[in-house]
Amino acid sequence: MTKIHSTDATPEYRWQQNIKNQINSSKCNSNLLQRFTVTITLLTLTVGCIPTQKFQHKISPTLEKNHISINNCDLTLDKENNPQISLVSQNSNSTQCASIDPFSQAVRFATKAANLAQSARTKQQWDRVAQEWVQAVAWMQAVPPENPRRAFAEKKVAEYMRNLAYSQQQAASAPSQFNPVSFNSDILDTQLELYLSYIATVGAPDVLIVGSSRALYGVAPQQLQEYLMAKGYPRLNIFNFGINGATAQVVDFQLRQLLSSKQLPKLIIWADGVRAFNSGRVDRTYNSIVASEGKRLLLSGIRPQLPKAKSNLASTCYQFPKPLNVFSPTPNFPWETSVGETIEINYNAIKPTKYAKYSYKPLWQTSSNSTPNTQYSTQPVQAVAIANAADAIDANGFLSVDEQFNPSYYYQRKPYVAGIYDGDYAGFYLGGTQATALNSVMNFTKSRNIPLVFVNLPLSDSYLDSVRWSAEEEFHGWMQRRAQENGFKFLNFNLYQPQLAKNKYFFDPSHLNRYGAGAVARYLAASAGISWPR
């Protein structure tokens, strides 16, 4: 570990020595660090101090050339009735901050972060540690290129980034001071907390996407928003509330019991497929929810909610330096961005990207028993790799995966399961409990005047053998009749968009990757007869 002159024995130095092995063993991947770089770079590119407050919806960073000083601290609150949020305050009514040596300021924040880390135990405490590391990185990045400390500062930036990553990991795994009751589904618990926070931030969404993991991976809210804007619609707030293993019964529970009337959207997109309506299979996810403490409290009238903040202001005015001209922004870069948009930034260039690039690799339920009378499931195991999934889900509830499905490679690692032995199609029956749940959702949305759109998501060619294709055909006619009788929109992308069955749009036989999710968003925006909110 490089020493900082007289700071060899500082808490920062001692703490970094203590966690060095933990940081290395955690093997923070480049994508995780990239996400932290996004956060820090956006902060360093902004003008002004950042108190936590009601702020506006858009970011408008400003680049300054070769100038180091602390910018004006805007402590002005927005009006209480302002429905939007601003990630950075920029108001003429501000307090002037004095100029400070960026290197010394970075060391000061790093020392504070190391001190706080000594006693951090809860999520909130580790979040505070991470906040201080963000400050330390921002100031260390502000050391001018012509300064003799620059080369040393660059090494410290990388070091502080590792410490930030470690702090974020600790925050993710540490117990929270607010411990909401569980519904026996880690993804549901994670998505519910995020959805409640989303509503507290931007309000109830205009469009809510529901369904199983196929929806979670398969419909990109940000892409859908952009395609609709290109067609002249206003900027719609869109959230993906997909849950691993969700069936029709789970979606019915989400909409009618879990969410209050004020938390419902203006339009619902139910994205899934035939497996969610097979009443012949065991509905493990729904059964777990029914047996949960959260469900018991719901029945007693206690609804899950986040703690109410006493104030939207932070007690500290966090100070960031004006950025150096060390980037090479592309011409006419569209700085303004909506909540939840992902921007990829590195040290060499600044460029917008439409997707977060994660390399999340879910584990799968497999069995060493491959005898013909054994039933397997090609669905992800419900409780496997949840920490990775929760970390990779973006602010709009979407889980983006880069991988592209290669059957020859995929089936070398996992056994091929024919439809006749697939547990998701066991006792195939489009009736019973799942049909009752569908009727319940249809009646509920009609009574609330919420348009309902059901999207049958595509499946890969290698997955659709004769058994599964027969189920698809039966499901198509069954769902089409109900759509006509009950006045909701039914879109069968698996039947009418055969180009979506290409392997390049999937990361496994039945789950879309980010390219497929973007294509689904494009087809959704182009579909006629959908009553998009205005």
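Predicted model: local features only at pLDDT ≥ 70, side-chain atom pairs only at ≥ 80, totals over all residues.
## Overall composition

The protein chain contains 17 helices and 9 strands. Of its 534 residues, 53% count as buried.

## The parallel sheet

An open sheet is formed by 5 strands in the order S2-S1-S3-S6-S7, with parallel pairing. Strand S2 (238-240) and strand S7 (489-492) each have a single partner strand and stand at the edges, so one side of each is left without a neighbour in the sheet. From one strand to the next, the twist averages 15 degrees.

Strand S1 (residues 207-210) runs parallel to S2 and is joined to S2 by 3 bridges. Within this pair, Val207 stands opposite Ile238 in S2. Helix H8 (residues 221-230) lies across S1, S2 and strand S3 (267-272), and its direction makes an angle of about 155 degrees with S2.

In soluble globular proteins, nonpolar side chains tend to be buried together. In this model, the largest nonpolar core has 59 residues, of which Phe241, Trp270, Phe277 and Met479 touch the most other members. Helix H6 (residues 186-202) provides the largest share of this core, with 8 residues. Apart from this core lies another, of 31 residues, whose members include Leu224, Leu500, Leu524 and Ile530.

The surroundings of Phe277 can be listed in detail. Leaving aside residues up to four places away in sequence, Phe277 touches Ala248, Trp270, Tyr429, Leu430, Gln434, Leu438, Phe454, Phe475, Trp478 and Met479. Two of these contacts, Trp270 and Met479, are themselves named with Phe277 among the core residues that touch the most other members.

## Met229 in helix H8

Met229 is found in helix H8, the helix that lies across S1, S2 and S3. The relative accessible area of Met229 is 33%; because buried means under 20% and exposed means over 50%, Met229 is classed as partly exposed.

When residues up to four places away in sequence are not counted, Met229 touches Pro234 and Arg235. The C-alpha atoms of Met229 and Ala525 are separated by 9.3 Å, although these residues are 296 residues apart along the chain.

Key. Residues numbered from 1 in each chain as written. Heavy atoms only, no water. Pairing = 2+ DSSP bridges. Helix = DSSP H or I, 4+ residues; strand = E, 2+ residues; numbered from the N terminus. Axes fitted to C-alpha atoms, helices over the stretch in contact; angles between N-to-C directions. Contact = heavy atoms within 4.5 Å. Buried < 20%, exposed > 50% of the residue type's maximum accessible area, 1.4 Å probe, protein only. Core = buried A, V, L, I, M, F, W, Y, C linked by side-chain atoms within 4.5 Å.
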